[in-house]
Structure formats: structure tokens, C-alpha cells
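Thanks for coming. Please have a look at the screen.

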Amino acid sequence: MTDSAVPKERVAYLLDNTEWGKELTWEEVEIMSSYLSLHEYKEGEYIFNEGDSGEYMGFLVEGKISILKETDELMEKLVLTLPEGTHFGEMSIIDGERRSAAAFAQTNVVLLALSKGKFDELIQVYPYLGIKILRKIAKILSRRLRQTTGKMVKML
């Protein structure tokens, strides 16, 4: 559910209390918050399914989300559980590809969403902030790739 009537100050405060807020100045948080939308999901609700179009990156401000991946046997397997303050879906605002996994609300969830379109707007208006966000996403993806490579080596 999107609530456009949410005061931008509240959105900024919510973003500031995530991992992302720690690396941004208050001014950058306020700017970024004007490009975000607020969404709420009930416990047990799917936020998105594997294969859905990847339209946004989410910042989890309340609740827990399970990331699930479909197996060859068409069953869902828990990949990880995201606690509040974290994020997900950053690949989708970079490559626009379909979701590589499903996201499921373990509890009631409140999240902020940065759509690919809004991110593109932010980059045009605030290129320095866009670069800062892209660098953080690159660091996240690099760290995950290193972890995956390490796991693959252990399997060999």
C-alpha cells in the first residue's frame, strides 16, 4: 500500500534509521526521501514473487522479510531473513531485470521504495548523490560476489 500523504519528514526519519542513513548526511537523507514512497505489508503477504518485474529497491524500516528462491523441484527455499534497517532489490534499479527471488513478510512490514524511474530522476537532479548511492550499491554487490565466490570455492 502506498501512502502519498505521509509527511516527507517522517520518510526522512525512517530512512535515516536504516543502514543507508548512516552513510548519508541529513541533507542527503532529506533529498533522497523526496524520491521514496512508503509501503506497508501484512504478515504472510508476498512483497514480490520471483520473476516479477524489478521496479524498485526497498529499505526495510519495520519488520522482517524472508527472501525465498525457487528450487529445481519448484519449492521455495529460504535464502536469508532481512531484519529492519536493511535493504533489498538494489540490483533491480541497476539492471531492470526480473526479480531473482521472492520477498515474503515474516511480520508486518513497513518499507520505503526507490523506483528505477525515481532513481533516474534523482541522478539527473542530484548527480553527486546518485553517484554516492551507486557506489554503495557497487560495494554491496561486490561484497556479495566475494561471499558467493568464497562459498563456491569451499564446495569444490
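Start with Lys42, which sits in the loop between strand E1 (37-41) and strand E2 (46-48). Before I go further, note that this is a predicted model.

Is Lys42 buried or exposed? The relative accessible area of Lys42 is 59%, and the cut-off for exposed is over 50%, so Lys42 is exposed. Setting aside neighbours within four places in sequence, Lys42 is in contact with Ala105, Thr107 and Asn108. For a distance across the model, take Met75: Lys42 and Met75 are 33 residues apart in sequence, and their C-alpha atoms are 23 Å apart in space.

Now to Ala102. Ala102 belongs to strand E7, residues 102-105. Ala102 has 1% relative accessibility, and buried means under 20%, so Ala102 counts as buried. What does Ala102 touch? Not counting residues up to four places away in sequence, the list is Tyr46, Phe48, Asn49, Glu50, Ser66, Ile67, Leu68 and Glu76. Leu74 is 28 residues from Ala102 along the chain, and the C-alpha atoms of Ala102 and Leu74 are separated by 13 Å.

Next, the aromatic rings. How many aromatic pairs does a search of the whole structure find? The search finds six. Take Trp20 and Phe59: their ring centres are 5.5 Å apart and their planes are at 85 degrees, so this pair is edge-to-face. The pair links distant parts of the chain, with Trp20 in helix H2 (residues 19-22) and Phe59 in strand E3 (residues 56-62), 39 residues apart. Trp20 is buried, at 1% relative accessibility. Phe59 is also buried, with a relative accessible area of 0%.

Tyr126 and Tyr128 form another edge-to-face aromatic pair, with 6.5 Å from centre to centre and 85 degrees between the planes. Tyr126 has a relative accessible area of 27% and is partly exposed. Tyr128, at 41%, is partly exposed as well. Ring pairs also bring in Tyr35, so that Tyr35, Tyr126 and Tyr128 are linked into a cluster.

Now the whole chain. The protein chain has six helices and eight strands. From the N terminus on, the order is α-α-α-β-β-β-β-β-β-α-β-β-α-α.

Does the overall size point to a compact globule, or away from one? A compact globule of 156 residues would have a radius of gyration near 15 Å, and the protein chain has 16 Å, which agrees. Along the principal axes, the C-alpha atoms fill a box of roughly 45 × 35 × 25 Å.

Of the 156 residues in the protein chain, 39% count as buried. If we take contacts between residues at least 6 apart in sequence, 73% of them join residues at least 24 apart.

Terms used. Residues numbered from 1 in each chain as written. Predicted model: local features only at pLDDT ≥ 70, side-chain atom pairs only at ≥ 80, totals over all residues. Heavy atoms only, no water. Helix = DSSP H or I, 4+ residues; strand = E, 2+ residues; numbered from the N terminus. Rg over C-alpha atoms; globule rule 2.2 N^0.38 Å. Buried < 20%, exposed > 50% of the residue type's maximum accessible area, 1.4 Å probe, protein only. Contact = heavy atoms within 4.5 Å. Phe/Tyr/Trp six-rings, centres within 6.5 Å; stacked < 30°, edge-to-face > 60°.
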